[in-house]
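Subject: Structure for your review

Dear colleague,

Please find below the structure that I am handing over to you. My findings follow it.

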Amino acid sequence: MSLRTLIRFWLLLGTLFPALPCTAPLARSQQAPSIPPPPSSTTTPEFLATADEVLSEMSEITGWKLQGPLKKSIRSRAEIRDYILKQMDDEKDAKERYASARSGEAFGLFPKNFDLDHFLVDLLTEQIAGLYDPKTHEFYIADWIAPDEQRMVMSHELTHALQDQYFHIDAWVHAARPNDDAELAREAVLEGSAMAGMLDYMLKDKGLNLRDIPDVDPSLFVGDLSDTPMLKKAPPFIKDSLLFPYFSGLSFSLGVLRTGGWSGFGAVFARAPANTQQVMHPALYRANKVPAPLMVDLPESVPGKGWNKLEENAMGEFGWVEILKQFVDPALAKGVAEGWDGDDYICFEQKDTKRLVLATRERFNSEEMATRFFEAYAEALGNRYPLTHDVKRGNEYVSFVAEDGPVFLRCVARECISLQGGDPSAFPAWMKRLGWPAASDAPEPQATPTDIQTTN
């Protein structure tokens, strides 16, 4: 499992409540009850009639007809939590989830010893308003959603149900594996188009549709996240990963609607966006610009005996924006990441000490963008590791020893590589394997973590 798979898994589970437009004003968010109601697992004639009515309207809006049976039920918060826990265990084992959390820590996206499993279960239990389960073809709605807002939840989730009838969304998303970034891009198609369906449903009574509105700001349809306790506590990467499919996915979906209407999604499901870059920059999707494969390609001797490989995958443009903006200006992070043209990373853990080694390799669309990335990532690494020893800086080369081990960054032409942790001799061995010239103007540090002397 790759770094974002656990987070992205939740996106299949349901509608995040802050992402729901509300009635008056549109950007108002609702707070869940502090005491969960008792389990219900019930349906009522009124609920079933409303769901059938909304389903019929969504079928009319999208042009997708219901082709098979669909179960519908009302669930309590306790039942939704139980469902989340069961799905988490069914999808990924504890070892894979641990690898994701540790990789996030290696990138600086999560604090050390962050309990990702527990946090996400609490977060999603708080936030989910409704969900569609593609395995059982069942639509759930949370029993704490006010009756006047149930229709909006239904319009989003029943769009997923109709998508599943035509495109088998669970298998469609999983077809992107093992490419983490490609899977997130497919999630953005699902969530963005369901958001578009929900907004079309809201506009229908006014005689409008999204194609009639020249500019749509997705943030208008998201509640005040500061009023939701768990999202307020979430590391920025978690919050952004959860909201990316709704924000960027909606923008991407609007482009599809304006050029081909709802029938245009048939072509998108036939040729999914290859990466988050194509979602963020739809012109690249239309041009079918896909980076050539890129692998870290470490020497076989790196990182050495006693290390276990946790995972290997790609971060994509979205991921590199997130990595950089933890430690540099977000506008700089966004501008630099736009030059992304492929990447790969590998994370290792030492069995006994639990130390981490992170190796990354990035390619950019020009040497100028690679240079800009070097400058930004060198700044980010310096900000992340303020206590350093044996600092060396050369032409597109930087190295130092931090508390957790040596850190290296090097760029040549359009590519950059970085290594954090492990044996200092690994980096020159890696450059040699890649056929890169030695960084003669900046000798590699020979210190180890035990050599570091820090002062207050």
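A residue counts as buried when its relative accessible area is under 20%. Phe269 has a relative accessible area of 6% and is therefore buried. Please note that this is a predicted model.

Aromatic rings

Phe269 forms a tilted aromatic pair with Trp172, at 4.6 Å centre to centre and with 50 degrees between the planes. Trp172 is likewise buried, because its relative accessible area is 9%. The two partners come from distant parts of the chain: Trp172 belongs to helix α7 (residues 169-174) and Phe269 to helix α11 (residues 265-270), 97 residues apart.

A stacked pair is formed by Phe408 and Phe427, with 4.7 Å between the centres and 10 degrees between the planes. Phe408 is part of strand β10 (residues 405-412) and Phe427 of helix α17 (residues 426-434), so this pair ties together parts that are 19 residues apart in sequence. Both Phe408 and Phe427 are buried. Across the whole structure, the search finds 23 aromatic pairs.

Two arginines lie over ring faces. Arg75 is placed over the face of Tyr140, 4.2 Å from the ring centre, and Arg271 over that of Tyr285, at 4.1 Å from the ring centre.

Nonpolar cores

The largest nonpolar core comprises 112 residues, and Leu123, Ile238, Trp320, Leu324 and Tyr377 have the most contacts inside it. Helix α8 (residues 180-204) contributes the most to this core, namely eleven residues. A second, separate core holds 19 residues, among them Trp307, Phe348, Ala426 and Trp430. As for Leu324, its contacts beyond the neighbours within four places in sequence are Ala333, Val336, Phe373, Ala376, Tyr377 and Ala380.

Strands around β6

Ten of the eleven residues of strand β6 (residues 340-350) are buried, so this strand is largely enclosed by the rest of the structure. Strand β6 pairs with strand β5 (residues 307-313) in the antiparallel sense over six bridges, and eight bridges join β6 to strand β7 (residues 356-364), again antiparallel. Tyr345 in β6 stands opposite Asn313 and also opposite Thr360 in β7. Five residues lie between the strands in the hairpin of β6 and β7, where Lys354 takes a positive phi near 65 degrees.

Yours sincerely

Note on methods: Residues numbered from 1 in each chain as written. Predicted model: local features only at pLDDT ≥ 70, side-chain atom pairs only at ≥ 80, totals over all residues. Heavy atoms only, no water. Buried < 20%, exposed > 50% of the residue type's maximum accessible area, 1.4 Å probe, protein only. Helix = DSSP H or I, 4+ residues; strand = E, 2+ residues; numbered from the N terminus. Pairing = 2+ DSSP bridges. Core = buried A, V, L, I, M, F, W, Y, C linked by side-chain atoms within 4.5 Å. Contact = heavy atoms within 4.5 Å. Phe/Tyr/Trp six-rings, centres within 6.5 Å; stacked < 30°, edge-to-face > 60°. Lys NZ or Arg CZ within 6 Å of the ring centre and 35° of its normal.
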